[in-house]
Amino acid sequence: MDPRRGASLGTVNTEHELAYLRAGSDPPWERPHRDGLDITDTPEMWTPYQRERRLTFEARVADYRQRGLV
């Protein structure tokens with residue numbers, strides 16, 4: 001279920017996120033789901049909120065890689 005209109009994406013715990021990425025996995029909270037199924041590899045099924053959240057996550061990952069953290 002998506003948050004209500006106007007909800008923010010919240011703050012990111014960088015240490016937890018980097019721990020998952022260094023282990024070779026996406027953090028589970030950054031993988032879009034629908035009806036209990038992981039739809040990360042099916043972007044056409046993402047809601048606008050999931051799309052925005054995933055795109056910001058991918059931008060952070062690119063930044064981590066550029067800075068040599070991952």
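**Close-up views of a predicted model**

**View 1. Helix H1 packs against helix H2.** In this predicted model, helix H1 (residues 14-22) and helix H2 (residues 48-66) meet at an angle of about 75°, and their axes lie 12 Å apart. Two packed helices are described by just these two things, the angle between their axes and the distance between the axes. Angles of 65 to 115 degrees count as roughly perpendicular, so that is how H1 and H2 sit to each other. On the H1 side, the contact is made by Thr14, Glu17, Leu18 and Leu21, while H2 brings Phe57, Arg60, Val61 and Tyr64.

**View 2. The buried residues of helix H1.** Which residues of H1 are buried? They are Glu17, Leu18 and Leu21. Looking down the axis of H1, you would find its buried residues within an arc of 95°, so they line one face of the helix. An α-helix has 3.6 residues a turn, so residues three or four places apart point the same way. Part of the cover over the buried residues of H1 comes from H2.

View 3. Arg54 belongs to helix H2. Is Arg54 buried or exposed? Its relative accessibility is 8%, so Arg54 counts as buried. Leaving aside residues up to four places away in sequence, Arg54 touches Asp26, Glu30, Arg31, Pro32, Thr40 and Trp46.

**View 4. Confidence along the chain.** The average pLDDT of the chain is 90, and 87% of the residues score at least 70.

Terms used. Residues are numbered from 1 along each chain as its sequence is written. This is a predicted model: local features need pLDDT of at least 70, side-chain atom pairs count only at pLDDT 80 or more; totals for chains, interfaces and linings use all residues. Side-chain values use heavy atoms; hydrogens and water are left out. Axes are lines fitted to C-alpha atoms, for helices over the stretch in contact, and angles run from 0 to 180 degrees between N-to-C directions. Helices (H or I, at least four residues) and strands (E, at least two) are DSSP runs, numbered from the N terminus. Angles under 35 degrees count as roughly parallel, over 145 as roughly antiparallel, 65 to 115 as roughly perpendicular and the rest as oblique. Contact means heavy atoms within 4.5 Å. pLDDT is the predictor's confidence in each residue, from 0 to 100. Buried means under 20% relative accessible area, exposed over 50%, partly exposed in between (1.4 Å probe, protein chains only). The arc is that of the directions from the helix axis to the C-beta atoms.
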